[in-house]
Structure formats: structure tokens, C-alpha cells
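Subject: Structure handover

Hello,

Here is the structure I promised to pass on. Please open it first, then read my notes below.

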Amino acid sequence: MTMRTTAASLLALALATGGTAAGAQTLEYWVYSDFAQGEALVLQQEFIKEFQESHPGVTVNIVGKGDDDLTAGQIAGAASGNLPDVFMNAVGVGAQLVDVGALANIHDKWMAMPEEFRAQFNKGAVENCAPRPEEMYCIPYTGYGTLLFRNLTVLEEAGIDTSAPPADWADWLAQMEKVKAAGKFAIPDQALVFNSIAEMYGVTGDVSTWGIDWESKTTRIDPAVMTSVLEKFVAMQPLTSGTSRNDQATKDLFVTNQLAFHTIGPWVNPTYVEAVENSGLKYDFVLMPGETADKHGGIKNFEIVGVAPGENLDLAFEFATYITAKEQMARWAKLLSRYNSNDAAMAEADVAALPLVARSVAAVEVTMDVSPPYLIQPVPACYQSTVVDYVSATADGEFTPEEGAAEMIAELNDCLAG
């Protein structure tokens, strides 16, 4: 099916299922700031042009916003009645947006779409958008799984064979210790950011003992697993750079051959590709090792496309289904070499052949969700800060791992109880 045929089919379906025909309407479309610049913006504008051509009289205005501004603007817009019609955000913010009335329940519209369309998307990502029967608040969009970026120069200078990734946690720790002994930093300080702590939990545990039980308002964290995780943080503490996974300084250390490992999503890859050309950086990316050789660590996270309730809902849903359909998402993946939640697009031969996409698809399959389950209730701010506080304190020696795990879980349950 061609791109134009798909657009026409989606329009015909919308009309047949009660959607509105295109008329003189304007859609406000908010995207991540990096999607509104450079090549990404050019492709977004192509999508908009194609949609407008099949919907005479319709105008789509694209606006790029930073992560915090996206959320703040959507919350403020819900209060003022001035929401963007279609917008992106992280699935972890979804419950907050549902609470303030920013996200329309699109369940019936979604179910009216052909099974061929609905089956394109990652099953887990769809389930994240549908927290209860008869409820669905988003369409899966982009995402990532943790990758372990390796500076091959640093590792080789430390006497490490880089022909294969670390086999398991013990092998990885031994490599980090060799890097430190060679006078370089092994890894950023994983205790500084909730997502990097979640990555390390994924090394030892899995999603069955992670996240929140909203019915009982208690954490799912298992004390034995968290104790083992905290032991890993104690072991890593003298090996770290002192910078977080998100700091520019971390990327600078990696590019200048001072840092061996960087666990993060694929968005850092353009920086490292540029460094290959400019400074001769030698690096690769592999799956994050787990406690045992048959396990991997890390997290996965998804971004979503939502539509606002209101008079433009029908048209906004049509546009949302157009930009998330396989044809568009395959073009998106090929342009940016980035994973997205449309499995059919990821399976396209020329997409699957991209190394960063292939590794990201594999990472999503084996990593755990950052903060499940989603779209049930907003996670209190005290939850993530408590995790970070106790991991940092334990890594610094204020608690034993057993004490840190017990104290953390007790405080998390107090946080959730309100």
C-alpha cells in the first residue's frame, strides 16, 4: 500500500466511523524541540503537507517545545481550555495529563481502526496507553531501550578484549576496575538519576518487582533485589566520573577518551558519530549486561502522541493516526536511525538493517519499563527522589546495602500512602 493510498484509506475510514470531513480547520501540533529543527523538522513538514493535501482547507501548525515546556503547556492548556490538538510527551507523564483533562479517551476511535493498522504497534506500548477496559489515551510513538556505549580506545588501553561485550555483571565490573586502574573513569555516577538507577535494577531484577502497586499503594521493589542492586552501587562508586548519564561533561569525557562506558538511550549517538569524524573516536554500542550471561539490564521507555478533547478531536485523531502509521514511522526511522513503537516499521528491511535500530529493537525486547504501570495515577514526586536519595547515601557509605534497601522501601510506602 502506498503512502498516499494509506492517507486516503484513513480518511475514508474516519468518515465511515463518524469522523468529520476536512474543512476549514486548524490543528495545533506540539512536538519535542529536537523534532522541530533540522532534518527532523523537514520530515515533519512533509507529513503535514501530505495530510493537508488530502484534507483541503486544513492547516497544521507545528511548534517545538522542550520536555518540561511540553508538559507545563499541556497542563496549563487543560486549565485554560487552550490545549494543542495533537501533541507528544512521555508515557510516564500520561497519568498527570489524564488527571487534568488534557488527553482524550480515544478507545472507541482506536477500536474502529482496521486490525491491520492496530497490529502495527508494539503490544507493550499499546497496553501502556490503555490502563483499563474501555480506556485508551494515546498512540505509541517513539521510544528507546538502554544501550551500553563503549569507548573502545579506553578499553583497549586498559588491556580489555573488545571483540565481545561484557558477558555478565561480574565481567563488566572487572572491566570497570581495569579501566580505573589504568587511570580513566569507568562509568558515570549511576546513583545521581532515577533512570540510571532503574537501569541498574534491571541488571539484577525485572519488571515484576519494579514499579508501583496502585491498589495497595505500595512499591513493588523487592528488598533482596534492591540489596543486591545497592551492593553494585557500592562497588561502582570509586570507579565513576562523578557526572550523571545526562551531563554534557559525560559526553565530553567519552569523546576525549577519558570514560569507558555510557549507559543511555540512542540520542547520544549523533554526538559520538560526529566525534568519529572530528577526533577519531572509536566506540560501539551493545546491550547492557545482566547479573548472569542469559540476562540483560537496562530500561525501556516510550513517547506517545495524544489528542486533546474538543471540537477538533476527530480531525486530530486522523492526523495522529497518519503520522504514527508504518509508512511515516519507517521514513522517520530511516532518517534518524532511531527506534519507534511501530513494529511494522521496525521490520521493514531497510530499517531493520540499520545497526542502531537493530540494537535498539533488541534492547526494547529485554529491558524493563521505567515506572510501570502507566496512566493509572501520577507518580508522586517523593517516589523518585526517595530512590535517588537512598541509593546515593548507600553508595557513599551512610547505610549498608541491607539497611539502605529496607529504609528506602519503608519511605517509598509512606510516600505512596500520602
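A term to start with: a residue is buried under 20% relative accessible area, exposed over 50%, and partly exposed in between (1.4 Å probe, protein chains only). Now the basis. This is a predicted model, where local features need pLDDT of at least 70, side-chain atom pairs count only at pLDDT 80 or more, and totals for chains, interfaces and linings use all residues. Residues are numbered from 1 along each chain as its sequence is written, and side-chain values use heavy atoms, with hydrogens and water left out.

Overall form

The protein chain holds 20 helices and 11 strands. These are DSSP runs numbered from the N terminus: helices are H or I with at least four residues, strands are E with at least two. Of the 418 residues, 55% are buried. The C-alpha trace spans about 65 × 50 × 35 Å along its principal axes.

Salt bridges

The whole structure has 12 salt bridges. The term means a side-chain nitrogen of Lys or Arg within 4 Å of a carboxyl oxygen of Asp or Glu. Three of them follow.

- Asp 314 pairs with Lys 109, with the closest N and O atoms 2.4 Å apart. Asp 314 sits in helix H14 (residues 313–324) and Lys 109 in helix H5 (residues 107–112), so the bridge ties together parts 205 residues apart in sequence. Lys 109 is partly exposed, at 23% relative accessibility.
- Glu 199 pairs with Arg 245, closest N to O 2.9 Å. Glu 199 belongs to helix H10 (residues 194–204), while Arg 245 is in the loop between helix H11 (223–236) and helix H12 (248–255). Glu 199 is buried at 0%. Arg 245 is buried too, at 3%.
- Glu 50 meets Arg 331 at 2.9 Å, N to O. Glu 50 is in helix H2 (residues 38–54) and Arg 331 in helix H15 (residues 326–336), 281 residues apart. Glu 50 is buried, at 9% relative accessibility. Shared partners join Glu 46, Glu 50 and Arg 331 into one network.

Negative patch

Which residues gather in a patch of negative charge on the surface? They are Glu 231, Asp 389, Glu 402, Glu 403, Glu 407, Glu 411 and Asp 414. Such a patch takes residues with over 30% relative accessible area and no salt bridge, like charges being joined within 9 Å. Helix H20 (residues 401–417) gives the most, with five residues. Glu 403 lies in helix H20, and is partly exposed at 41%.

Best wishes

Definitions and conventions:
Patch = residues over 30% accessible without salt bridge, like charges linked within 9 Å, V, L, I, M, F, W, Y side chains within 5 Å. Areas by Shrake-Rupley, 256 points an atom, 1.4 Å probe, with all protein chains shown as cover. Lys, Arg positive; Asp, Glu negative; His and termini not counted. Charge placed at Lys NZ, Arg CZ, Asp CG, Glu CD.
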